[in-house]
Amino acid sequence: MLPNAQEWRRFYDIVKAKTGVDLDLYRSNQLQRRTVSMVESLTLKSLDEFTKWFGESAVNQRWFLDKMAINVSELFRNPEKWTEMINKVLPELGADKKGLKVWSAGCSYGAEAHTLAMILDQKFRGRHQILGTDIDQDALDQAKRGEFSESDVRWVPREYKSTYLRQEGTKWFATDVLRSYLTFRKGNLLADRFDSGYDLIMCRNVVIYFTDEAKEELYRKFYNALRPGGILFVGSTERVTNYRDLGFDTGLPFFYRKPLEGNNQWRNAS
Ligand SMILES: C[S@@+](CC[C@H](N)C(=O)[O-])C[C@H]1O[C@@H](n2cnc3c(N)ncnc32)[C@H](O)[C@@H]1O
């Protein structure tokens, strides 16, 4: 099945109309390959049939968004980065002295936000606030329940597991102490206006399907959303290639800082 340009246009338009998601901002080859495999998995004959099916119900729309976004995550994903977070980034941000304002952008079911909440409570207890946003409502509902699977917890250090997670059958639930740090709400990174004054923005494994232009615009908006000295944390396969042009500096791989006026050194960088 090889849909033509008009069929794709009709599909993109209905997705925008029904969900607000602008597929023109996503890399077309990956997106279209994934969409075609969805059409085939539903044994529909054409993209137009899929477009019709998509328009029929909110359940179908959610199914598509869910499949497309691939909301894979886990607690303490890339554990070595969280060690750097504890030893270098959070001290650099002054987490021991003041409450941090943090954003997990594209938070999926909240594993990254919960990981940071555990670390802050364990090592830098204070009035920190972590916001998690995503376009996927099902993932957000799970984040609010603080619910994780067996495979989500494999990297959680033992002392954190016993303090912050409670096992029920095959599932794990975050304990209430973490809730005071966490808020989850719906948000579209490619359409929303951003709040400002963040100490830390974590946006990991989200931009893989975005076009280069959409990515650059997003990183520019993150820069503006950070306070001077604030840090952007990206995924372990990602790079902000033009970080200098955007105004960032970097003292550690995958961490980009909005410089402080008159201070160009990271205190704890290796
Ligand atoms: C692979 S998950 C990443 C989860 C977490 N950040 C991590 O690294 O473990 C990617 C998430 O990005 C979300 N996402 C994709 N496009 C988005 C957009 N335009 N706005 C907000 N979230 C988006 C998806 O719904 C999905 O939950």
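A polar side-chain atom of Ser73 sits 2.5 Å from an oxygen atom of the ligand. This is a predicted model, where local features need pLDDT of at least 70 and side-chain atom pairs count only at pLDDT 80 or more, while totals for chains, interfaces and linings use all residues. Residues are numbered from 1 along each chain as its sequence is written, and side-chain values use heavy atoms, with hydrogens and water left out.

**Around the ligand**

- The ligand has 21 residues around it (a heavy atom within 4 Å), and Ser73, Arg77, Asp134, Leu189 and Asn205 come nearest.
- By class, that shell holds 9 nonpolar, 7 polar and 5 charged residues; here Ala, Val, Leu, Ile, Met, Phe, Trp, Tyr, Cys and Pro count as nonpolar, Asp, Glu, Lys and Arg as charged, and the others, Gly among them, as polar.
- Asn205 has a side-chain N or O atom 2.7 Å from an oxygen atom of the ligand.
- Tyr26 has a side-chain N or O atom 3.2 Å from a nitrogen atom of the ligand.
- On its own the ligand has 610 Å² of accessible area (Shrake-Rupley method, 1.4 Å probe), and the protein covers 97% of that.

**Where the domains meet**

- The protein splits into domain 1 (5-69) and domain 2 (79-257), with bounds from an automatic or database domain assignment.
- Their C-alpha centres are 29 Å apart.
- The contact (heavy atoms within 4.5 Å) involves 12 residues from domain 1 and 13 residues from domain 2.
- Together the two domains bury about 1200 Å² (accessible area lost on being put together, 1.4 Å probe, summed over both), and 52% of it is on carbon and sulfur atoms.
- On the domain 1 side, Leu25, Tyr26 and Arg27 lose the most area to domain 2, together 46% of what that side buries.

**A charged link**

- The interface of domain 1 and domain 2 has 1 salt bridge (a side-chain nitrogen of Lys or Arg within 4 Å of a carboxyl oxygen of Asp or Glu).
- Arg27 forms a salt bridge with Asp212, with the closest N and O atoms 3.3 Å apart.

Terms used. A polar contact is a pair of N or O atoms within 3.5 Å; within protein, one must be able to donate a hydrogen and the other to accept it, and residues adjacent in sequence count only if both atoms are side-chain atoms.
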